[in-house]
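Visitor: I have a model open and would like to go through it piece by piece. Could you take my questions as they come?

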Amino acid sequence: MGRPLNLKRSTTNEELFRRAKRFIPGGVNSPVRAFKAVGGVPLFIKEGKGSKIYDVTGRGYTDYCMSWGAIILGHAQPEVIKEVKKVLEKGTSFGAPIELEIKFSEMICKAFPSIEMIRLVNSGTEACMSAIRLARGWTGRKRIVKFAGCYHGHADYLLVRAGSGGMTFGVSDSAGVIKDIARHTLVLPYNNLEAVEKTIKKVHKDIACIIVEPVPANMGVVLPEPGFLGGLREMCDYYGVLLIFDEVITGFRVSYGGVQKLYGVQPDLTCLGKIIGGGLPMGAFGGKKKIMKFLAPSGPVYQAGTLSGNPVSVSAGLETLNILRRNKNMYNSLEENTGLLCEGIKDNIKRLKVDALINQIGSMFTVFFTDRGVSDYLTALYSNRKRYAGFFHGMLKKGVYFPPSQFESCFVSSAHTVGDIKKTIEATYEAFRGIK
Ligand SMILES: *Cc1c(COP(=O)(O)O)cnc(C)c1O
């Protein structure tokens with residue numbers, strides 16, 4: 001599958017990992033990249049094109065990690081690159097407003113029914129952190145509710161039962177997070193309205209917001225049970241609590257308008273990231289005008305960023321959204337291809353009698369190594385991580401790059417062809433056989 005690259009000097013992933021570990025903690029700039037959950041040495045990526053990535057040895061892989069979902073049009077999409085290049089040559093950041101920001105913000109507001117105003121930031125972490133500050137400022141309340149297994153970036157009070165990273169390393173809280181701060185975060189089981197009602201009833205006067213990944217992807221993909229999201233909306237209305245949807249992964253992934261459009265449930269605030277940056281650093285949060293106006297400089301809640309709304313990230317995001325909006329059939333064909341892939345994998349699961357199942361929505365899915373359904377954090381934890389590790393390395397051998405942890409989502413891009421998918425299905429047959 002690999003296309004050989006012209007390398008001046010051949011190097012290996014092992015060699016680079018050794019060098020990286022001398023200067024970078026654990027050799028990586030974000031923990032799950034280090035392959036700790038699956039063992040072995042991470043691939044150092046040299047280049048990406050369409051559905052493929054190439055490591056430093058020149059070996060090619062069909063990529064289903066897609067920068068953790070940030071890439072939906074495939075790597076180095078020519079139109080996106082062209083726009084970015086055009087903007088690059090005119091300066092990368094001014095710390096002053098630019099016209100592109102307005103166009104981009106308007107596009108997001110038009111795509112998401114619940115977003116009337118939006119603020120751009122530089123990452124999903126920043127988006128969630130700022131949305132929660134705004135919710136606390138607006139309501140004057142201090143506590144927040146989150147769900148076990150949901151990840152909302154690495155702000156102190158959000159690193160409680162925070163999905164993949166924490167699950168992978170077996171720590172529910174990070175060192176350095178002061179207990180007094182984490183104490184204000186209440187953690188409840190996803191898909192369990194009764195638990196939410198019981199808690200909210202008791203302490204609603206203290207609760208600023210409920211933050212949720214409406215379709216969680218950071219414990220692997222989990223689907224909301226019918227009525228769960230609507231139930232959260234009703235409860236929040238009844239008790240005067242703000243509802244925040246963290247659509248950093250799902251926004252522009254499951255539909256042009258996110259989970260909220262698909263399920264018809266409107267949050268008060270929405271956090272975005274990943275896809276909206278078109279592969280460059282970007283995040284955003286937005287919602288009702290009256291709440292967003294509470295942000296500085298029009299309101300008392302402070303929030304700022306030197307590189308926020310910089311022309312490079314905005315142009316990459318804008319062109320990506322333009323392409324998604326123009327191609328009316330994009331989301332249907334993404335879903336079709338992903339369906340084809342998942343059906344093929346399920347056939348192999350059946351043929352080889354593997355204890356595994358798939359959760360899927362649109363172009364995201366997870367192969368869980370368990371035979372019980374996965375509907376929340378606890379049921380996700382039943383998955384056999386050792387078998388996932390074996391499966392992951394089997395796939396790697398066949399030239400397919402899945403995310404290096406059981407508790408992540410796979411992503412299909414518009415650059416993945418039916419040929420890619422057929423080869424991937426064949427690869428899963430061998431990989432499943434290898435771990436039997
Ligand atoms: C990735 C992610 C974040 C954090 O975004 P960063 O850009 O990595 O800071 C927050 N929430 C969800 C749901 C995510 O998947």
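Visitor: Let's start with S130; which helix is it in?

Guide: This is a predicted model, and in it S130 is placed in helix α5, which covers residues 124–139.

Visitor: Buried or exposed, that S130?

Guide: S130 has a relative accessibility of 3%, and because the cut-off for buried is under 20%, S130 counts as buried.

Visitor: And what is S130 in contact with, if I ignore its sequence neighbours?

Guide: Once the neighbours within four places in sequence are left aside, S130 is in contact with F285 and Q303. Its side chain also has a polar atom 2.6 Å from the backbone oxygen of E126.

Visitor: Switching to the ligand: which residues are around it?

Guide: The residues around the ligand are S123, G124, T125, Y151, H152, G153, E213, N218, D246, V248, I249 and K274. Sorted by class, that shell has three nonpolar, six polar and three charged residues.

Visitor: What lies 2.6 Å from an oxygen atom of the ligand?

Guide: That is an N or O atom in the side chain of K274. A polar side-chain atom of N218 lies 3.1 Å from an oxygen atom of the ligand, and a polar backbone atom of G124 is 2.9 Å from a ligand oxygen.

Visitor: How much of the ligand's accessible area does the protein cover?

Guide: On its own the ligand has 380 Å² of accessible area, and the protein covers 83% of that.

Visitor: Now α13; how many residues does it have, and how far does it reach?

Guide: Helix α13 runs over residues 330–351, which makes 22 residues, and it reaches 32 Å from its first C-alpha to its last, close to the 32 Å expected at 1.5 Å a residue.

Visitor: Which of the α13 residues are buried?

Guide: The buried ones are M330, Y331, L334, N337, T338, G339, L341, C342, G344, I345, N348 and I349. As background for reading such a list, an α-helix has 3.6 residues a turn, so residues three or four places apart point the same way.

Visitor: You mentioned α16; where does D420 sit, and what is its side chain doing?

Guide: D420 lies in helix α16, and its side chain makes a polar contact of 2.6 Å with the side chain of K52. D420 is buried, at a relative accessible area of 9%, and beyond four places in sequence it touches S51, K52, T62, Y64 and A415.

Visitor: K52 again, then; what else touches it, say H75, and where is H75?

Guide: H75 is in the loop between α2 (66–69) and α3 (78–88). K52 is among the residues that H75 touches outside its sequence neighbourhood, the others being G48, K49, G50, I53, D63 and M66. The side chain of H75 makes a polar contact with the side chain of D63 at 2.8 Å, and H75 is buried, with a relative accessible area of 14%.

Visitor: Changing topic to backbone geometry: where is there a cis peptide bond?

Guide: The peptide bond from A296 to P297 is cis, with omega near 10°, and P297 is found in the loop between α11 (289–292) and α12. In general, most residues other than glycine have a negative phi, and most peptide bonds are trans.

Conventions. Residues numbered from 1 in each chain as written. Predicted model: local features only at pLDDT ≥ 70, side-chain atom pairs only at ≥ 80, totals over all residues. Heavy atoms only, no water. Helix = DSSP H or I, 4+ residues; strand = E, 2+ residues; numbered from the N terminus. Expected span 1.5 Å × (residues − 1). Buried < 20%, exposed > 50% of the residue type's maximum accessible area, 1.4 Å probe, protein only. Near = heavy atom within 4 Å. Polar contact = N/O pair within 3.5 Å; in protein donor to acceptor, adjacent residues only side chain to side chain. Areas by Shrake-Rupley, 256 points an atom, 1.4 Å probe, with all protein chains shown as cover. Nonpolar A, V, L, I, M, F, W, Y, C, P; charged D, E, K, R; others polar. Contact = heavy atoms within 4.5 Å.
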